[in-house]
Amino acid sequence: MIAASEDFNLTSQSVDNDFAQYDDNEGVCYHESGHAVAAIILGVRFDHVSAIHGDEYLTDGRVAFGRHPCDWQLVNGSNLDHALSYCIFLMAGMAAQLRWQGNEADLKTCGRNDRDALGTACILIAAKNLIAAQTDSQEVKLIKAWAWREACLMMASPRAWRAVCSLARYLYTSEQGTATESEVVKVVAAEKVSYRPKRFSSRLLFVE
């Protein structure tokens, strides 16, 4: 049975204690690095990831898709596996921030846009598979819980986490605060990340 997404957590042993001085700007770097590393692992294309320091209290972070399909296009224009991979990608930023910050992570604030996008993606996935899904339907809840669980397990993978840390430190310390997709590919390759999410069983949810 998949745990409800709001109940799933990583163990305290998973927290990156070497970087436990919780700087909000650094938190953004870890959040965006989680998205970017997950994108490479899952085959979600993007143009670049950035964490631009605006001032002492504000860092603007995002994964920019550029010419590549984004948001609903990644759901409506993809097969089921790729659409579900996009859902994991959406949750990977929050999962990385949770891994770095532990219980101090403010997931309600840092992941608001990601959760909204996930909700829309889950409804589109369910509807695409002939289910009249609503925001609070059991079908949508199952996809959300699965995506959150897989994102957290990915961030718990030692090799994936080292790649996230390496990229986050680069974004935090570099003047530009930006890395292209090809640069992130090199970071992931250097750590020899081979994580593969557990396949979502459509038989549990979708009518064949």
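**How helix α3 packs against its neighbours**

In helix α3, residues L80, A83, L84, Y86, C87, L90, M91 and M94 meet D114, R115, A117, L118, A121, C122 and I125 in helix α5, where contact means heavy atoms within 4.5 Å. Sorted by type, the residues of this contact are 13 nonpolar, no polar and 2 charged. Here Ala, Val, Leu, Ile, Met, Phe, Trp, Tyr, Cys and Pro count as nonpolar, Asp, Glu, Lys and Arg as charged, and the others, Gly among them, as polar.

This is a predicted model, in which local features need pLDDT of at least 70 and side-chain atom pairs count only at pLDDT 80 or more, while totals for chains, interfaces and linings use all residues. Residues are numbered from 1 along each chain as its sequence is written, and side-chain values use heavy atoms, leaving out hydrogens and water.

Two packed helices are described by the angle between their axes and the distance between the axes. For α3 and α5 (residues 112-128), the angle is about 165° and the axes are 9 Å apart. The two helices are therefore roughly antiparallel to each other, a term for angles over 145 degrees. Angles run from 0 to 180 degrees between N-to-C directions.

Now turn to helix α1 (residues 24-42), whose axis comes within 7 Å of that of α3 (residues 80-101) and crosses it at roughly 150°. That makes α1 roughly antiparallel to α3. Among the residues making this contact are Y30, H31 and L42 of α1 and F89, M94 and W100 of α3. The contact of α1 with α3 divides into 11 nonpolar, 8 polar and 1 charged residues.

Note on methods. Helices (H or I, at least four residues) and strands (E, at least two) are DSSP runs, numbered from the N terminus. Angles under 35 degrees count as roughly parallel, over 145 as roughly antiparallel, 65 to 115 as roughly perpendicular and the rest as oblique.
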